[in-house]
Amino acid sequence: MVSETLKNQIDRFLLALGFSLMIGIMVLGQGFREAVGEVVGILMNPILALVGQENFFLILLVMASITAIYSSLIQKYTIDWDLMRNTQERMKVFQKEFREAQLSQNTYMLKKLEEQRQAMMEDQMKMSKQQFKPMAYISIISVPLFMWAYYYISGHGNATMVFPFWGEQLLTTHAFWYFQNWLYWYFICSLGVSQFIRKALDIGGV
């Protein structure tokens, strides 16, 4: 049986790894992103070769699904959803009562609500901490996969995909704003799978 000390050490290591990946892609820039992409490519490139480069969009679909399932499971078991739902409900009631007290200029009620605000802020802080921790765990899987896709697409500007309604498009062209087509496809797949998994696991806010 794993000791509590070892569990804490593993937990700290995973958190440090996750945050390091998140900070690295933002602070260390292009070189770090390409290095991560190359390392992950050792595993992913043979898989892509089996599937076929022309089916890269299928790899993106699988990646998005893996990320959605993994992140949903992490959030399921690291976030107190009862606390989140209760806090959100209390915040709605608090905001409604606060607006009514302001409109009616009820100084007694306003003073009473101000006293409640501190407790509400403490619960919100707990919620924020609970949501922050899973980000590190999720990054361990999602960031390397995403960086590999980014690295691969950067070197294969001629990769295409047939989209509904607007036909075959280069994955590197922009669907809208700064979002390239491959990013658009990735996020659409991730969002769809994530909604299904979250519904099945009964997780999420109110």
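## Largest pocket

The lining of the largest pocket comprises 11 nonpolar, six polar and two charged residues. Nonpolar means Ala, Val, Leu, Ile, Met, Phe, Trp, Tyr, Cys or Pro; charged means Asp, Glu, Lys or Arg; the others, Gly among them, are polar. The model is predicted: local features need pLDDT of at least 70, side-chain atom pairs count only at pLDDT 80 or more, and totals for chains, interfaces and linings use all residues. Residues are numbered from 1 along each chain as its sequence is written, and side-chain values use heavy atoms, without hydrogens and water.

The volume is about 430 Å³ (the space filled by probe spheres set on grid points). A pocket is an open set of points on a 1 Å grid where a 1.4 Å probe fits, with protein on both sides within 12 Å along at least five of seven lines; lining residues have an atom within 4 Å of a point. Of 19 lining residues, T67, S142, F146, Y186 and F187 lie nearest the centre. Helices α1 (4-27), α3 (56-78), α5 (107-155) and α6 (181-201) each supply at least two (helices are DSSP runs of H or I, at least four residues).

## α2 against α3

Helix α2 (residues 30-51) packs on α3 at about 125 degrees, axes 9 Å apart (lines fitted to C-alpha atoms over the stretch in contact; angles run from 0 to 180 degrees between N-to-C directions). M44, I47, L48 and V51 in α2 meet F56, I59 and M63 in α3 (heavy atoms within 4.5 Å). This contact has seven nonpolar, no polar and no charged residues.
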